[in-house]
Amino acid sequence: LKELYPEDILNNAKELTDGEVKFLKQLDDLLESKYRDSINDHWANATVPEEFFDDMGKLNYFRNPLLFEGREGAKTPSQLFQFFMSYTIARFDVSLVTLLGVHQGLGHNAFLFGGSKEQIAKYIPKLQSHELRTCFALTEPDHGSDVAGGLETTAKFDGENWIINGAKKWIGGANVSDVIPLFAVDVDTGKPKGFIIRPEQDGVDIDVIENKIALRIIPNTNIRLDNVIVKEEDRLQNINSFKDIAKILYSTRAGVSYMATGAMAGALRATLDYVTQRKQFGKEISKYQLIQEKLAMMQGNLAHAISMSAQLARMQENGEYDEVATSTAKMMNALRLRESVAMGRGITGGNGILAEYDIARFFSDAEAVYTYEGTHEINALVIGRALTGDSAFI
Ligand code: FAD
């Protein structure tokens with residue numbers, strides 16, 4: 001464990017089972033051996049490593065027997081394991097963990113929480129084995145933070161089918177998905193509903209957003225919907241209010257706090273690698289006191305974040321999904337990430353702004369983590385509402 005997670009100074013990983021540690025070591029080895037040499041080029045060129053999804057499918061992280069050793073009767077891998085899995089991938093690259101997160105988190109849970117029994121039986125096994133790929137289409141060009149009340153994409157039932165019109169923005173991986181859970185307002189009831197859309201359907205137009213300065217590896221997309229016809233059997237039967245959508249978002253907000261934590265670890269690693277190589281004034285810059293203070297701050301931020309994430313995972317394992325705890329973890333871990341990557345970027349000097357050095361990638365990607373799954377301000381408003389009893393969402 002010390003070899004796999006030397007930065008976990010408060011020993012949160014100690015509670016992982018031997019099988020889980022073995023799995024995480026395999027995952028880390030795969031990332032390092034197969035993708036280390038090309039990851040910065042993928043980031044610079046905005047390309048996805050083609051085999052990544054197949055490789056993740058082969059690891060079979062939902063049903064790998066290693067994950068169930070000592071957990072007889074459990075149906076899913078432990079939450080603490082899921083935190084360390086996200087952490088381990090994010091420590092390597094934040095786009096890859098985001099791409100996986102929209103598939104196995106938001107997208108998968110849209111089917112799991114929103115689907116009927118038949119829809120769950122039809123889609124979940126194929127999503128878990130990666131035979132089908134998915135994403136999550138909620139945000140719109142004019143509605144991000146206020147999407148709950150602001151959805152403009154419409155669904156009209158004509159007695160036989162649903163007709164969908166509107167537009168979505170930022171949707172991660174829609175262009176490489178087989179099935180897209182997409183949310184629209186039912187014009188007759190005014191309530192949001194969920195629909196399963198396929199990219200090749202008539203009236204669906206998807207294009208990739210160019211020139212992002214963060215998460216360049218993941219394709220984020222615009223989707224336009226022009227009189228798209230959806231059968232009732234492709235309506236997610238258990239999405240009938242924004243509360244139903246919020247339940248999905250909620251389950252993955254914790255996941256983003258895990259990703260932020262892993263990204264902090266990646267930034268620390270990249271910075272440590274640099275300071276032990278780089279010489280100025282005749283010796284490695286790691287030997288200077290002012291550098292060591294910043295490294296210590298990065299390690300301190302990370303220790304906080306690992307402990308907060310691990311405790312959130314333990315709560316979720318016990319079925320305690322707490323809105324304030326989740327928003328606090330997302331808000332604070334993303335904030336600390338932003339602080340840590342800035343310190344790492346500073347320590348790496350001019351080279352720290354070049355794509356060929358890992359720190360530049362973590363520095364840029366932190367900006368997306370700061371914004372998605374509830375911006376800093378929106379999570380602060382969730383916490384503020386609980387503290388004061390006053391909702392300041394206006
Ligand atoms: P806005 O809502 O326009 O906010 C702008 C600023 O105003 C922010 O600082 C915000 O905090 C602040 N603000 C807004 N309201 C208030 C208020 N009441 N009080 C104080 N401050 C306020 N969405 C999907 O559906 N699927 C995806 O796969 C997906 N992937 C994404 C990937 C990336 C890289 C990014 C950047 C976004 C992604 N999103 C996705 C969308 C994401 O969830 C939104 O960007 C986010 O909700 C913020 O919305 P916005 O960008 O429209 O910002």
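User: Helices (H or I, at least four residues) and strands (E, at least two) are taken here as DSSP runs, numbered from the N terminus. How many helices and strands does the chain have?

Analyst: The model is predicted: local features need pLDDT of at least 70 and side-chain atom pairs count only at pLDDT 80 or more, whereas totals for chains, interfaces and linings use all residues. Residue numbers start from 1 along each chain, as its sequence is written. On that basis the chain has 12 helices and nine strands.

User: What share of the 394 residues in the chain is buried?

Analyst: A residue is buried if 20 or more other C-beta atoms lie within 10 Å of its own, exposed if 12 or fewer, and partly exposed in between, with C-beta atoms placed from the backbone. By this count the buried share of the 394 residues is 43%.

User: What are the helix and strand contents of residues 20-130?

Analyst: UniProt, in an unreviewed entry, lists these residues as "domain: Acyl-CoA dehydrogenase/oxidase N-terminal". UniProt positions follow the numbering used here, feature names are shortened, and annotations may be inferred rather than shown by experiment. The end C-alpha atoms of residues 20-130 are 21 Å apart, and the content is 70% helix and 0% strand.

User: And what are those contents for residues 135-228?

Analyst: The UniProt record, also unreviewed, names this span "domain: Acyl-CoA oxidase/dehydrogenase middle". Its end C-alpha atoms lie 18 Å apart, and the span is 4% helix and 46% strand.

User: Is G107 buried or exposed?

Analyst: G107 lies in helix α5 (residues 94-114). Leaving out residues up to four places away in sequence, G107 touches V102, T134, C135, F136 and P181, a contact being two C-beta atoms, placed from the backbone, within 7 Å. Because 28 other C-beta atoms lie within 10 Å, G107 is buried.

User: Which residue of β7 stands opposite G194?

Analyst: Two strands pair if DSSP finds at least two bridges between them. β3 (residues 180-186) pairs with β4 in the antiparallel sense over six bridges, and the two form a hairpin with five residues between them, where G190 in the turn has a positive phi of about 75 degrees. β4 is also joined by two bridges to β7 (residues 235-236), again antiparallel. In that pairing G194 stands opposite L236.

User: Which element gives the most to the shell around the ligand?

Analyst: Of the 21 residues around the ligand, T139, G144, S145, T375 and E377 come nearest. The elements giving two or more residues are α11 (358-371), α12 (376-388) and β2 (161-172). With three residues, the element that gives the most is β2.

Definitions and conventions
A residue is near a molecule or strand if its C-beta atom, placed from the backbone, lies within 6 Å of it.
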